[in-house]
Amino acid sequence: MVAAGAKPAGAADENSAAQAVRQMFNSIAPRYDLLNHLLSANVDRLWWRRTARRFEEILAKPDAAILDICCGTGDMTMALLKLRPHGARPIVAADFARAMLSRGAQKVSGRAAVMLEADALHLPLRSASLDLVVTAFGFRNLANYEAGLQEFHRVLKPGGQLGILDFSEPGGLVGKAYAVYFRRVLPAIGRLVSGPAQGNKDDAYRYLPASVGAFPAPPAMLRLMSAAGYTECAWQPYTFGIAGLYTAMRPPVV
Ligand SMILES: C[S@@+](CC[C@H](N)C(=O)[O-])C[C@H]1O[C@@H](n2cnc3c(N)ncnc32)[C@H](O)[C@@H]1O
């Protein structure tokens, strides 16, 4: 069965799920970058760079309209910015957790990016206005995956591209070893770095493995993307399939 969207513990419906996710990211924002790099041994930097390179043709166009949604503290935005030419149109970097967004704003300060406080499921952007929508480790947190894919489809121009970078659960031996790390070691390190268990923060470390486990596996995710009207839907595994990049296009008008 395909999961409909993220369900943090105790969330009864989509609204309360989104609220819990927002609160959780606001509460872990001060430690987010440190934890991210520590827990992924800095491999996350490679994933952001690799994702940006996949879209280098679009990024090289000065007029391209680009959205990094669920931008958080701005690392995906930074990787995208590195491939933008001088004087290019600013990238819109959006997130609904203000504490994450304000850290992102500091990181991209002085570069061609504008920050926007916005919900991925209700983007304050015109239909058919974007050449590229990218989201890194954010999509899995949406309260409704189908609604997210539809909203990205709405704001993309015909022929516009979508990139969704997120975790997945690898199979085989790597998968087994990774499951131990992800479900046991990672939450323990998270708690150590952030101090003793404290409401939201403690929930965050349990939520991460739970949300990856509940996220549709690649074949199901690709079906969701096709059903939302995308073509050229594909998944490229990164680092033994621990993470991966979904790509798709809003079909051009013929
Ligand atoms: C794991 S962080 C990823 C941040 C960044 N993209 C990165 O790669 O480090 C997920 C982000 O998604 C944001 N997010 C989750 N659901 C969202 C929604 N419905 N609308 C906007 N942002 C959302 C959270 O606030 C959080 O900042």
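Predicted model: local features only at pLDDT ≥ 70, side-chain atom pairs only at ≥ 80, totals over all residues.
Residues are numbered from 1 along each chain as its sequence is written, and side-chain values use heavy atoms, with hydrogens and water left out.

View 1. Helices (H or I, at least four residues) and strands (E, at least two) are DSSP runs, numbered from the N terminus.

**View 2. Backbone atoms at the ligand.** A polar contact is a pair of N or O atoms within 3.5 Å; within protein, one must be able to donate a hydrogen and the other to accept it, and residues adjacent in sequence count only if both atoms are side-chain atoms. Cys70 places a backbone N or O atom 2.8 Å from a nitrogen atom of the ligand. For Ala120, a polar backbone atom is 2.8 Å from a ligand nitrogen. Ala136 has a backbone N or O atom 2.8 Å from a nitrogen atom of the ligand. Taken alone, the ligand exposes 600 Å², and the protein buries 98% of that. Areas come from the Shrake-Rupley method with a 1.4 Å probe; for residues, only the protein chains shown count as cover.

View 3. Buried means under 20% relative accessible area, exposed over 50%, partly exposed in between (1.4 Å probe, protein chains only). In helix 5 (residues 98-108), Met100, Leu101, Gly104 and Val108 are buried. Seen down the helix axis, the buried residues fall within an arc of 95°, so they line one face of helix 5. The arc is that of the directions from the helix axis to the C-beta atoms. Arg98 and Gln106 are exposed on the other side. The cover over the buried residues includes helix 1, helix 4 (75-81), strand 2 (91-95) and strand 3 (113-117). Gly110 follows helix 5, with a positive phi near 85°.

**View 4. Two loop residues with positive phi.** Most residues other than glycine have a negative phi. Ala128 has a positive phi, near 50°. Ala128 sits in the loop between strand 3 and strand 4 (130-136). Phe240 also has a positive phi, about 60°. Its loop joins strand 6 (231-238) and strand 7 (243-249). Ala128 is partly exposed because its relative accessibility is 33%. Phe240 is exposed because its relative accessible area is 66%.

**View 5. Ser168 in its loop.** Ser168 lies between strand 5 (156-167) and helix 7 (172-194). Ser168 counts as buried because its relative accessibility is 9%. Its side chain reaches the backbone oxygen of Gly241 at 2.5 Å. Contact means heavy atoms within 4.5 Å. Neighbours within four places in sequence aside, Ser168 is in contact with Val212, Trp235, Gly241, Ile242 and Ala243.
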